[in-house]
Amino acid sequence: MYQKMHILSPLVAPREFFFIRYSRQIHSSTWVLVDVSYDFITQLQDSVPTRSWRFPSGCIIQDISNGKSTVTWIEHVQVNDKLSTHRLYRDFVCGSQAYGAKRWISTLQRMCERFAFSNGLIATPTNELEGVIESLEGKRNVMNLSQRMVTSFFEVLCMSDKLDFPNPSEYQNSGVCVALRKSDGPHQPDGFIVGAATSLWLPFSKEHLFNFFQDEKRRAQWDVLSNGNPVIPVAHISTGTHPGNRISVIQPFVPKENKMLVLQESSIDSLGAAIIYAPMDLKALLSAVKGDDATKIPILPSGFVISTDGRASRGSNGASTSSNTGSGGSLLTVAFQIFICRSQLTTQLNMESVATVHTLISSTVKKIKAALDYHD
């Protein structure tokens with residue numbers, strides 16, 4: 001099998017693995033899944049040697065009845081990417097927070113929790129939908145639409161189609177990565193899309209940044225869609241026990257435009273957080289609420305990914321304790337996408353679009369710093 005693992009920042013190259021996977025039920029209530037690297041490279045011509053090697057790693061799943069399981073995860077890898085890792089993320093990556101066993105367990109817990117809320121296995125407050133989404137099918141439909149939005153956003157952050165600029169110093173030296181792609185699938189607008197992303201360090205905890213982006217009263221301080229005006233919360237769907245784990249439907253103030261809403265999903269766990277959103281046509285969202293097929297609704301997400309910087313949590317033995325968690329700063333990745341055109345892309349339009357999205361992301365970062373009263 002082949003696997004490419006990404007940190008959710010364009011500044012960090014992915015880790016690539018060729019491996020063999022073995023799974024087995026070793027007891028009536030116990031399963032084991034193990035991956036181990038295999039040297040397929042010698043059998044492939046023109047292949048670049050991988051810097052990542054996985055010794056036997058994987059998980060043990062034990063059924064403890066009552067619909068629950070105990071999962072033990074082991075990661076045992078050898079990598080050679082310390083020097084190639086961007087300085088912003090070096091502590092985070094080398095401290096095992098990026099790819100370690102705790103990351104897998106944390107992600108698995110969030111996925112299971114979200115699944116339980118999606119299927120009504122955990123009761124949610126009856127007043128959170130504000131009478132907008134009345135049926136369980138409509139709720140599940142909106143959650144599936146939001147999940148597709150999140151998945152699309154994460155795929156964009158791999159930035160596999162980076163542009164080569166004739167004047168690279170104008171954009172590349174600014175720390176903003178830009179990618180251009182042609183989209184012709186049913187899940188995104190048909191045409192050319194330009195995306196941009198940048199990562200930066202901020203002297204705030206991940207909880208502080210997450211609460212800032214979650215605060216609908218402060219959204220006008222950074223969101224261009226709000227035009228500097230307060231937004232109106234329409235409905236919320238809980239996706240976890242933490243109050244910040246939720247899907248929101250938001251109505252921004254757009255002059256002469258009352259047919260646009262914003263679909264947003266926010267999520268936080270012990271290692272990081274994400275706030276992902278996309279403008280959406282009112283008619284399309286209402287069809288999803290009614291339970292209609294939402295798989296073909298085009299969606300173009302933007303958003304933020306927040307991670308701890310890895311500095312405060314690295315002790316002399318690499319251990320993480322509750323006493324130092326939350327101190328230090330955070331790493332923030334900001335990513336935007338804009339639709340360019342449906343017709344043939346010209347060089348002038350290409351560069352104009354790149355300049356537009358670069359200005360958008362740069363101005364948003366400045367607004368965020370100003371709102372947080374941070375001046376570097």
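Helix α2 lies across β1 and β6 and runs at about 150 degrees to β6, where contact means heavy atoms within 4.5 Å, and where axes are lines fitted to C-alpha atoms, for helices over the stretch in contact, with angles running from 0 to 180 degrees between N-to-C directions. Helices (H or I, at least four residues) and strands (E, at least two) are DSSP runs, numbered from the N terminus. The model is predicted, so that local features need pLDDT of at least 70 and side-chain atom pairs count only at pLDDT 80 or more, whereas totals for chains, interfaces and linings use all residues. Residues are numbered from 1 along each chain as its sequence is written, and side-chain values use heavy atoms, with hydrogens and water left out.

The strands β1 and β6 belong to an open sheet of five strands, in the order β1-β2-β3-β5-β6, with antiparallel pairing; two strands pair if DSSP finds at least two bridges between them. Because β1 and β6 stand at the edges with a single partner strand each, one side of each is left without a neighbour in the sheet. From one strand to the next, the twist averages 25 degrees. Within this sheet, β2 (residues 15–27) and β3 (residues 30–37) run antiparallel and are joined by eight bridges, and the hairpin that joins β2 to β3 passes through two residues. Along this pair, F19 stands opposite S37 in β3, and R24 stands opposite V32 in β3. Strand β3 also pairs with β5 in the antiparallel sense, over six bridges, with I61 of β5 as the bridge partner of W31. On the β6 side, six bridges join β5 (residues 57–63) to the antiparallel strand β6 (residues 69–74), and I61 has V71 as its bridge partner in β6. The hairpin formed by β5 and β6 has five residues between the strands, and S65 in the turn has a positive phi of about 65 degrees.

A second open sheet comprises eight strands in the order β8-β9-β15-β14-β13-β12-β11-β10, again with antiparallel pairing. Its edges are taken by β8 (177–183) and β10 (232–238), each of which has a single partner strand, so one side of each is left without a neighbour in the sheet. Strands β9 (residues 191–202) and β15 (residues 330–341) run antiparallel and are joined by eleven bridges, and S199 stands opposite T333 in β15. Helix α6 (residues 282–289) lies across β11 (246–251), β12 and β13, and runs at about 110 degrees to β13.

Two packed helices are described by the angle between their axes and the distance between the axes. Helix α3 packs with both α2 and α6. For α2 (residues 101–118) and α3 (residues 136–156), the angle is about 150 degrees and the axes are 10 Å apart. The helices α2 and α3 are therefore roughly antiparallel to each other, given that angles under 35 degrees count as roughly parallel, over 145 as roughly antiparallel, 65 to 115 as roughly perpendicular and the rest as oblique. Their contact is made by R114, F117 and S118 of α2 together with L136, K139, R140, M143, S146 and Q147 of α3. These residues divide into three nonpolar, three polar and three charged, where Ala, Val, Leu, Ile, Met, Phe, Trp, Tyr, Cys and Pro count as nonpolar, Asp, Glu, Lys and Arg as charged, and the others, Gly among them, as polar.

Helices α3 and α6 pack at an angle of about 130 degrees, with their axes 7 Å apart, and are therefore oblique to each other. In this contact, G138, N141, V142 and L145 of α3 meet L285, S287, A288 and V289 of α6, and the residues divide into five nonpolar, three polar and no charged.

The largest pocket is lined by 38 residues, of which L8, R103, T107, M111 and F154 lie nearest its centre. Elements that each supply at least two residues of this lining are β1 (2–5), α2, α3, β12 (260–268), β13 (272–281) and β14 (302–308), and the largest share, seven residues, comes from α2. By class, the lining of the largest pocket divides into 22 nonpolar, nine polar and seven charged residues. A pocket is here an open set of points, on a 1 Å grid over the protein atoms alone, where a 1.4 Å probe fits, with protein on both sides within 12 Å along at least five of seven lines, and lining residues have an atom within 4 Å of a point.
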